Amino acid sequence: MRTTAGTGMHEHVRTFPRQIQVAPTARQFVRQVAAGHPAGEDAILLAAELIANSVVHALDATTVTVTVSVSDALIRIDVRDDGTLGIPHLRSGDPEAEGGRGFVLINQLAQRWGFTREPDGSCCWAEIANPAT
């Protein structure tokens with residue numbers, strides 16, 4: 001755990017191999033970090049969607065790093081992978097489709113979310129505020 005000076009944010013980081021079978025372990029990591037926070041359950045749901053996005057769609061990636069930053073005011077989830085192919089995008093969910101609703105759900109739950117691309121990988125992130133603040 002690392003504390004970011006001046007922000008009150010406590011940062012927890014864990015790296016996983018980009019394999020679909022590690023998704024439950026990655027979600028459990030977020031569950032442990034977010035436990036007891038008023039926005040914890042929604043943060044776990046956001047993390048599940050972001051993690052799934054990386055393990056399913058970042059086909060050229062080998063690792064997925066999950067960073068959970070927690071303060072009294074909010075929880076921020078960053079999911080980075082070392083893939084550089086494809087651009088995550090918001091799709092209109094077809095009611096008959098088995099997938100394609102992740103960013104729609106993230107857009108509804110998160111106060112802010114986004115995507116960054118670096119030469120060595122990609123990051124999807126989302127923030128959810130404490131409903132009491």
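Leaving aside its neighbours within four places in sequence, with which residues is V68 in contact? The structure is a predicted model, in which local features need pLDDT of at least 70, side-chain atom pairs count only at pLDDT 80 or more, and totals for chains, interfaces and linings use all residues. Residues are numbered from 1 along each chain as its sequence is written, and side-chain values use heavy atoms, with hydrogens and water left out.

V68 belongs to strand β3, residues 63–70; strands are DSSP runs of E with at least two residues, helices are runs of H or I with at least four, and both are numbered from the N terminus. Beyond those neighbours, V68 is in contact with H10, E11, H12, F29, V30, V33, I75, R76 and I77, contact meaning heavy atoms within 4.5 Å. V68 has a relative accessible area of 0% and is therefore buried; buried means under 20%, exposed over 50%, and partly exposed in between, with a 1.4 Å probe and protein chains only.

R76, one of the contacts of V68, lies over the face of W125, at 4.2 Å from the ring centre. For such a placement, CZ of Arg or NZ of Lys must be within 6 Å of the ring centre and within 35 degrees of the ring normal.

C123 is buried at 2% relative accessibility, and C124 is buried at 6%.
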